[in-house]
Amino acid sequence: MAYSAVSVANSIIKLANEKGVNDLTPMKLQKLMYFTQFFYLKNFHELLINDNFVRWKFGPVIPSIYYQLKVYGANRINSYIRQLSPNNEAIVYMMADDDYRGQAVLNKVFEKLGSLDAIQLSALTHRNTSSWSKNQTLDTVITVQEMQQSEI
């Protein structure tokens, strides 16, 4: 089951808060989202996030998340992304708590990469074996096929 980018972003914000990660900036969040998508795709051969990552200068980005969190700049994210429901209620969407595969991948990404800062994570996305480096043209979509054929 693929989730909206907002649902995964909020689940990462929640996990960062639970684990005491105090440097979750928009850039770090984007890279953790990318690695979550990458590892989920590699392990289960399907997408966790139903949105595209685009090649930007500092690595993969989901533009809609960038614009929703732009207000933070390089500062720590201190609240969830809220979206309006059809009834004009502010709702915080998240991944399902009982999605054991999705939650396990999120936890594994945090275990392996959560202590790295945004610049270190960006450097990982720029390795010559990564899907970001498969095409050096900025503002192009990173395809599922490119992700499947790449390594970290």
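The questions below concern a predicted model.

Q: At roughly what angle do the axes of α2 and α4 cross?
A: Helix α2 covers residues 26-44 and helix α4 covers residues 100-113. Their axes come within 9 Å. The crossing angle is roughly 125 degrees.

Q: Which term describes the orientation of α2 and α4 to each other?
A: Angles of 65 to 115 degrees count as roughly perpendicular, and those over 145 as roughly antiparallel. The α2 and α4 axes cross at roughly 125 degrees. The two helices are therefore oblique.

Q: How many charged residues does the contact of α2 with α4 have?
A: From α2 come L32, F35, T36, F39, Y40 and F44. From α4 come R101, G102, V105, L106, V109, F110 and L113. By class, 10 are nonpolar and two are polar. The number of charged residues is one.

Q: Is the crossing of α1 and α2 left-handed or right-handed?
A: The axes of α1 and α2 are 10 Å apart and pack at about 110 degrees. That makes α1 roughly perpendicular to α2. The crossing is right-handed.

Q: How many nonpolar residues are in the contact of α1 with α2?
A: Helix α1 supplies A5, V8, A9, I12 and I13. Helix α2 supplies L29, L32, M33 and T36. One residue is polar and none is charged. The nonpolar count is eight.

Q: How many salt bridges does a search of the whole structure find?
A: One of them joins D97 to K14. E46 with R101 is another salt bridge, and so is R55 with E146. The search of the whole structure gives a total of five.

Q: What distance separates the closest N and O atoms of E46 and R101?
A: E46 has 30% relative accessibility and counts as partly exposed. R101 has 37% and also counts as partly exposed. The two form a salt bridge, and their closest N and O atoms lie at 2.6 Å.

Q: Which parts of the structure does the R55 and E146 salt bridge tie together?
A: The closest N and O atoms of R55 and E146 are 2.7 Å apart. The two residues are 91 residues apart in sequence.

Q: Which residues outside its sequence neighbourhood is S150 in contact with?
A: S150 lies in the segment after α6. At 1% relative accessibility, S150 counts as buried. Leaving aside neighbours within four places in sequence, its contacts are F38, K42, T129, S130, S131 and K134.

Q: What value is phi of N88 near?
A: N88 is found in the loop between β3 and β4. N88 is exposed, with a relative accessible area of 61%. Most residues other than glycine have a negative phi. For N88 phi is positive, near 65 degrees.

Q: What value is phi of D139 near?
A: D139 lies in the loop between α5 and β5. Its relative accessible area is 59%, so D139 is exposed. Phi of D139 is again positive in a residue other than glycine, near 70 degrees.

Q: What distance separates the C-alpha atoms of M95 and R127?
A: M95 lies in the loop between β4 and α4. M95 counts as buried at 4% relative accessibility. Its contacts beyond four places in sequence include Y3, S7, L48 and L106. R127 is 32 residues away along the chain, and the C-alpha separation is 29 Å.

Notes
Residues are numbered from 1 along each chain as its sequence is written. This is a predicted model: local features need pLDDT of at least 70, side-chain atom pairs count only at pLDDT 80 or more; totals for chains, interfaces and linings use all residues. Side-chain values use heavy atoms; hydrogens and water are left out. Axes are lines fitted to C-alpha atoms, for helices over the stretch in contact, and angles run from 0 to 180 degrees between N-to-C directions. Helices (H or I, at least four residues) and strands (E, at least two) are DSSP runs, numbered from the N terminus. Angles under 35 degrees count as roughly parallel, over 145 as roughly antiparallel, 65 to 115 as roughly perpendicular and the rest as oblique. Contact means heavy atoms within 4.5 Å. Ala, Val, Leu, Ile, Met, Phe, Trp, Tyr, Cys and Pro count as nonpolar, Asp, Glu, Lys and Arg as charged, and the others, Gly among them, as polar. A salt bridge is a side-chain nitrogen of Lys or Arg within 4 Å of a carboxyl oxygen of Asp or Glu. Buried means under 20% relative accessible area, exposed over 50%, partly exposed in between (1.4 Å probe, protein chains only). A crossing is left-handed if the near helix is turned anticlockwise from the far one by less than a right angle, and right-handed if clockwise.
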